[in-house]
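Hello,

Here is the structure I promised to pass on.

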Amino acid sequence: MGKIIVMTSGKGGVGKTTSSAAFATGLALRGFKTVVIDFDVGLRNLDLIMGCERRVVFDFINVINGEAKLSQALIKDKRIENLSILPTSQTRDKDALTREGVEKVLNELSKDFDYIVCDSPAGIERGALMALYFADHAVIVTNPEVSSVRDSDRILGVLASRSRRAEQGLEPVTQQLLLTRYDPERVERGEMLKVDDVLEILAIPLLGVIPESQAVLRASNVGMPVILDEASNAGQAYLDAVSRFLGEDVEHRFVTPQKKGLFSRLLRRSA
Amino acid sequence: MSIFSFFRSAPRASAVQAKERLQIVMAHERAGRTGPDYLPMLQQELLAVIAKYIDIDQNKVEVKLDRGGDCSTLELNIELPAREAAAKALKESAKLAVAGNRPQPAKDGDESDAVRMSAGGALTNGGVKKRR
Ligand SMILES: Nc1ncnc2c1ncn2[C@@H]1O[C@H](COP(=O)(O)OP(=O)(O)O)[C@@H](O)[C@H]1O
Ligand SMILES: [Mg+2]
């Protein structure tokens, strides 16, 4: 039985899609059969970030509506074995996501895959609720910024009351924080919330800190999950986060400003 | 910490304010989330009591809650009917101060939550009273 992971945040633009792509890729790199699903109906973007936009024929909604078979809609990643993408529809709206339809697709996927990563849309309405409803694990993607932290807290409340596990009185969805776009230099200047501040406020375990990094934009330009850019801070931070998710004890990196030597300052090389 | 940040005096860094503001607003939001939303009930019960004595229009009642750092205010605005035909519409407001914060989420079946609110000294005009 595959495990269902939701990447959720409440707020938009914090890095859910970036993190979904990276995380799914990371799990596949570690040998797990993994599929990543785009729940952002109407605003398909995961396909671009994964670099498979030109191979989309059928989508998640087609499968829910019985217009295509799951095997027809699944796109196998060209770089990594074990990794598949289920894109969403660009033309329909969130009402196309019925609970029964989503459940049927997830049940079918969980027979073949070890991990199902759900890329949630922003908000706390239907699309986001559907993305988190069946989850076993939630990764709360948060930026060190007041509105993002507050929205994350709202989502934690929703997970605790409106997920399947909550409704059926099962063991609660596990919740872990992925703090993204972290800028240690601004933190040191007192301009940005510290990791510890966010942890104290949200009171959930820390899965990882992903630094603000130019590598993310570069990777999205070419349709490559940033975790494959192993030379970058962000790529390494995602690799670490995946390891922690799998239960390994990995020290947090990139949370303090890097000491800039004369050499690197001359080169102005930023990851 | 670099030697420069030692000299830069930033006793109230913006990140510190961000944290404080978040802690305050989220304490309230969490309390409101886990506890029953008692405001509609409170409104109904208060109205029932007032209606025992005064004939009021249910639509001309406004209940507002303003949650602050260490003091929250519950404001009740009731428009009272005028006795005489073309009389002026009378407006009376009673302010109840909720004693302190409500850090504890009210548990289901814990009816004492509404009781915990004290009218304190903030009850203006000695409560709801008809002005003639
Ligand atoms: N660690 C990071 N460093 C820099 N930019 C980032 C980082 N993570 C995400 N971004 C950028 O933030 C924007 C929103 O990211 P996205 O993953 O689409 O967010 P969401 O899916 O939550 O709306 C994108 O432009 C992305 O490139
Ligand atoms: Mg997205």
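This is a predicted model: local features need pLDDT of at least 70, side-chain atom pairs count only at pLDDT 80 or more; totals for chains, interfaces and linings use all residues.

Residues are numbered from 1 along each chain as its sequence is written, chains are lettered from A and ligands numbered from 1 in the order in which they are written, and side-chain values use heavy atoms, with hydrogens and water left out.

Let me start with the two chains. Chain A gives 16 residues to the contact and chain B gives 14 (contact means heavy atoms within 4.5 Å). Together they bury about 1400 Å², 55% of it on carbon and sulfur atoms; this is the accessible area, taken with a 1.4 Å probe, that the two parts lose on being put together, summed over both. There are 4 salt bridges between chain B and chain A, a salt bridge being a side-chain nitrogen of Lys or Arg within 4 Å of a carboxyl oxygen of Asp or Glu. B:Lys19 forms a salt bridge with A:Glu200, with the closest N and O atoms 2.8 Å apart.

Now to ligand 1. It has 13 residues around it, and A:Gly13, A:Lys16, A:Thr17, A:Thr18 and A:Ser213 come nearest (a heavy atom within 4 Å counts as near). A polar side-chain atom of A:Lys16 is 2.8 Å from an oxygen atom of ligand 1. For the side chain of A:Thr17, an N or O atom also lies 2.8 Å from an oxygen atom of ligand 1.

Finally, A:Leu86 touches residues including A:Val35, A:Phe60, A:Leu74 and A:Leu109, leaving out those up to four places away in sequence.

Best wishes

Notes:
A polar contact is a pair of N or O atoms within 3.5 Å; within protein, one must be able to donate a hydrogen and the other to accept it, and residues adjacent in sequence count only if both atoms are side-chain atoms.
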